[in-house]
Each structure stands twice: as C-alpha cells, then as structure tokens.
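Dear colleague,

I am handing over the structure below for your records. My notes on what was found in it follow directly after.

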Amino acid sequence: MELPFSESYRIKMVEAIHKSTREERERWIKEAKYNLFNLKSDHVFIDLLTDSGTGAMSDRQWSRLMLGDESYAGARSYYAMKEAIREILGFEYFLPTHQGRAAENVLYSTFVREGDVLPGNSHFDTTKGHIEFRKAIALDCTIDEAADTQLEIPFKGNIDPAKLEAALRQYPAEKIPMVVLTVTNNTAGGQPVSMENIRRVSALCRQYGVLLQLDSARFAENAYFIKVREKGYEHKTIKEIVKEMFSYVDIMTMSAKKDAIVNMGGFVAFKSEELWKKCQMFCIMNEGFITYGGMSGRDMNALAEGLDEGTEWDYLESRVRQVAYLGAKLDEYGIPYQRPAGGHAIFVDATRVLTRVPKEEFIAQTLGIELYLEAGIRGVEIGAMLADRDPVTRENRYPKLELLRLAIPRRTYTNNHIDVVAAALKNVYDRRERITRGYVITKEFPIMRHFTVELQPAK
Ligand code: F0G
C-alpha cells in the first residue's frame, strides 16, 4: 500500500481554541458592525483571516529568540539576518522594517512622486495604498486569464508582457520609478508567476531603463510552484530556484510574516549600494537605525532562521499541499473557487455562490459573514470593499472578481480543521438560494476602508 502524505513536522506546543453557538456569533458579528476585522479573536474558532504573522515558529526559531542581540547599532542579529539575505536571496544591501508595508513606505517615500506610474500584477492593497496615497498610479497589467476563476493554467499570477510593454512605451522612464512584480500574486488568488515571466519582465525593464521590484512576501511558495510546474526546474532545489528568481530583479520588499514564518518583521533589499543609501534616511526617520529598522534583535534572528526553513522542500510541500487539500474538498462539494488552488489560500468565487446578492451589497463580504455565522470561521473579503473607491471620481470600484479568501496559517491547523472549514462552507453553499441580500456601508475611511468599515444588513 502506498503510504499517505503527511506533514514533515510534529507538534510541541498547543494553543486552545473555542467553539461558540450561532446565537453568540450573531451577537458578536452585529457588535463588530459586520466587519470581520472587528471581531475578537476569542470569538473565532478557525481563523483564516490571514496567513500573515499567524504561522507557528519552529523550535529552532524559538531558540534563536533567546540568542537575540538587542544592541542599538551593529547587533549580531542584524548580521545574522544580513548573512541569510545574502546567502539565500542574493542581496548585499538591506534595511529591516517592522513589516512589509513599512518596507514599501521606505522605498516609495524615496522614489515615488505625484503622477508616477508603477505597473504590476494586481498590486497588494497596502502596496496600492502607498502608491495612491502619493497620487501615483498602480497600473494593473495582470494577464486577463486571471479573472476567469474556472480556467486551470499553471501560472495565473503572471504579468501580461504586452500590457507591460504598452505602459513602458506610453510613459517616459522617469515617470516609472519601478515595476512591481508580486510573487505569488496574492490578489489574483495566491497564483504563481513563472520564471519565464520574471525573466521576460526583467528584460523589458532593462530595455526601457526601469527598475524591477519583487514584492516577495510569498517568494518561497512561488519557487515551489516553479519546481513542480515549470519545465526545466523539476530537478533544481528550492534554494536554487529562489536564487535565480532574485537574480533578475533590482529591489525586493518583504513581508517576513509570510514566507520567513515570523510573527512580525520585514525588509527592503537592494542590489545597488546607491539605492540602499538613498533609502536610509526614510528608514531612520520612520523605522529606526539602519541595523535594526523596525525590528528587535531576537526577531531578526528568528527571521534569518525562517528564511532558511521556509525555503526547504519538505516544509513547502506540507504547506502547499494543505491548501490543495482544502481545494480538493471544495471540488468534492462542487463549490467554485479560483483554480487551481493557490499557495497560501483558497479564494472562493463568491459571485458564483451568492448569485442573488447584488454587487452593491458586497457579495464576498456577505459570504464571509455567512461562513462566520455558520461555524465561527473567519475569512476575508477580496472584492468591492477592498477595491475601495476610485481615488479621482470617489465612485465605488467593482473588480472583476468577488472572492472570499480563506488563508491558511503556516504549520498551524491540522487537516481536521480544514475538514470543518469545507463542511461549513458546504452548509452555506446548500442554502445559497435563500441568501438574497447583503450589506450596506454606514461608515468608512477615505483610504483602505476595509479594515475599519462599518456595515448593516441591506433592507
Ligand atoms: N505584499 C503582499 C503580497 C502582501 O500579501 C502583504 C500583506 C504585504 C505586501 C504587506 O505586508 O502585512 O507585512 O505589511 N498581506 C497580508 C495578507 C496582510 O493578509 O495578505 P505587511
């Protein structure tokens, strides 16, 4: 008999989680103004809000915390992080930051001006926020195929080189501080970008004299997909693939809360000493001195260890296969999601589930609330709420896709939890025809509204 697949780790410490009743959840979600971000985590049973900073650190990472050097300048931990970034990612220069968006802030404060254009593949919301806050344009050049959730192609996160080249032709190089390539493409469903696409984008950037930034939050998951899906890479190690991916780019921003498996931390790294020096001022002003930025020494140590563990095949196989396991369960129940399963999450195609809820009443948000009410499971809306208003017209933007993201924290839940998630979603799916109304906004911020928005049921 062939042995079944199982995780490449065992559990050394556990944390209790609690079930609740439907009546309790109805009360809590109302008190939270129907915004899943407003719920107390104690009121959530299985938390799939994000895979960011929610993973389980290893025994090795915990042990490195004890060895952290908290010196203000030149700490050993800084040099440990520097060595890992040089060795594993191939960058000589970097600035630690407290998380990924802080890396974006340091980089864009230095280089992005009003009227600039930053083409990319479905910029993440904080990335877009930092660009639009500076009155610059985040130009989406993702391949059209990414919007068809039922289409199975191996690299659905790619940039369309024709769209990118059109942008590079349309705007002068001095208006394009950089192209932003996000791996994996979170917003399009945790979908990977092929090595061929990275190479192509890099060649176009060189041709037009523009810098290339890799938004690298999930670079290791991307490398996993290259290994299993792209011809010529099946015999390479993850670390070899990672090195090649980064060999094509000038700058990387990193939310270390994802593929470096730490609870907090990030950095921006550069190939060029000159770019690094230019960014130092904003790092010192907003984050901290250049050898700690926004991080404590112990966290820099854990990050260094996490980069190493996160780029090992055994870990990545367990990780990505758990996401695929949830996808396979949903297949069994006929529930539509962005295909194929992504690296960190399943993105349920809310428009195909709640066909009777009007888009003005936030379809994916409605599905998220229903799933919470069903079993205390928390996902997150990737739809019109997140897309926010057009910065110029202030009209609501309705993206092509209304998705409910179920992001799976690293090394945290078992497949029994995943079974509960799938069953709860099936129960909602079975009563989908009876869900006809969604929610309306009662309060919102002018930018990045989804975090704090307040809602009430539509009448
Ligand atoms: N880039 C990508 C692709 C991300 O997914 C995130 C965060 C960031 C940048 C910003 O990093 O949170 O450390 O400041 N994504 C989280 C998520 C929040 O849930 O997908 P951060």
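Helix α4 (residues 100-111) gives the most to the shell around the ligand, contributing three residues; helices here are DSSP runs of H or I with at least four residues, strands are runs of E with at least two, and both are numbered from the N terminus. Please note that this is a predicted model, in which local features need pLDDT of at least 70 and side-chain atom pairs count only at pLDDT 80 or more, while totals for chains, interfaces and linings use all residues. Residues are numbered from 1 along each chain as its sequence is written, and side-chain values use heavy atoms, with hydrogens and water left out.

The ligand site

Of the 16 residues around the ligand, Thr50, Arg101, Ser255, Lys258 and Arg405 come nearest; a residue counts as near if one of its heavy atoms lies within 4 Å of the molecule. By class, the shell consists of one nonpolar, eight polar and seven charged residues. In this scheme Ala, Val, Leu, Ile, Met, Phe, Trp, Tyr, Cys and Pro are nonpolar, Asp, Glu, Lys and Arg are charged, and the others, Gly among them, are polar.

A side-chain N or O atom of Lys258 is 2.8 Å from a nitrogen atom of the ligand. The protein buries 94% of the 460 Å² that the ligand exposes when taken alone, with accessible areas from the Shrake-Rupley method and a 1.4 Å probe.

Helix packing

Helix α14 (residues 363-375) packs against helix α16 (residues 415-430) at an angle of about 115°, with the axes 9 Å apart; axes are lines fitted to C-alpha atoms over the stretch in contact, and angles run from 0 to 180 degrees between N-to-C directions. On the α14 side, the contact (heavy atoms within 4.5 Å) is made by Leu367, Glu370, Leu371, Glu374 and Ala375, and on the α16 side by Ala424, Leu425, Asn427 and Val428. These comprise six nonpolar, one polar and two charged residues.

Backbone features

A cis peptide bond joins Val183 and Thr184, with omega about -20°; Thr184 is in the loop between β5 (178-182) and α7 (195-208). Another cis peptide bond joins Arg339 and Pro340, with omega about -15°, and Pro340 is in the loop between α12 (313-333) and β9 (345-349). Asp388 has a positive phi of about 65° although it is not a glycine.

With kind regards

Methods
A polar contact is a pair of N or O atoms within 3.5 Å; within protein, one must be able to donate a hydrogen and the other to accept it, and residues adjacent in sequence count only if both atoms are side-chain atoms.
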